[in-house]
Amino acid sequence: MDRLSEARRWLSEAEWDLGTARDLLKLGRYNAAAFYAQQAAEKAVKAMLYALGEVPIGHSVRELLERFASLSGQDVGSLMDSARELDRHYIPSRYPNALPSGTPHEAYDELTARRVIACAEEVLAFARQFLRGLGL
């Protein structure tokens, strides 16, 4: 599979995950909404890396964006606050032992989920624009 086809597949899944995050928000499944938002952003950045011919490894949106910036020369500084926010939800949104007490579904609220989804939307908007510039 060529690099642009692979990028297209990853962006498609990122869009799907963002839609899932929005659906989970409506259902009050705030921890799961945050996790799917993180996944959407991670996959969007991986789509950009695949488009550059890179095989991305890892789950940190921040680190993936830094790798993308170093390869592409693109300025991703405006995305770094969102990337750091998204990274905070990769594990605690799913695992009770990542929290001092209680469970992720008790710890997350609507405001947090909305904030994380907004961060993912920002990353996806950047990825769409970059990939559109490559003809995707």
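From the N terminus on, the elements of the protein chain run α-α-α-α-α-α. The model is predicted. Along the principal axes, the C-alpha atoms fill a box of roughly 45 × 25 × 25 Å.

Of the 136 residues, 43% count as buried. Among contacts with a separation of 6 or more, 61% come from residues 24 or more positions apart. The chain exposes about 7200 Å². Carbon and sulfur atoms supply 50% of that area. The chain carries 17 positive and 19 negative charges.

The largest nonpolar core holds 41 residues. Within this core, Val45, Met48, Leu65, Val76, Leu86 and Leu131 touch the most other members. Elements giving two or more residues to the core are α1 (3-26), α2 (30-51), α3 (61-72), α4 (80-87) and α6 (110-133). The greatest contribution comes from α2, with twelve residues.

Met48 illustrates the packing. With residues up to four places away in sequence left out, Met48 touches Leu65, Phe68, Phe126, Ala127, Phe130 and Leu131. Two of these partners, Leu65 and Leu131, are also listed with Met48 among the core residues that touch the most other members.

Key:
Residues numbered from 1 in each chain as written. Predicted model: local features only at pLDDT ≥ 70, side-chain atom pairs only at ≥ 80, totals over all residues. Heavy atoms only, no water. Helix = DSSP H or I, 4+ residues; strand = E, 2+ residues; numbered from the N terminus. Buried < 20%, exposed > 50% of the residue type's maximum accessible area, 1.4 Å probe, protein only. Contact = heavy atoms within 4.5 Å. Areas by Shrake-Rupley, 256 points an atom, 1.4 Å probe, with all protein chains shown as cover. Lys, Arg positive; Asp, Glu negative; His and termini not counted. Charge placed at Lys NZ, Arg CZ, Asp CG, Glu CD. Core = buried A, V, L, I, M, F, W, Y, C linked by side-chain atoms within 4.5 Å.
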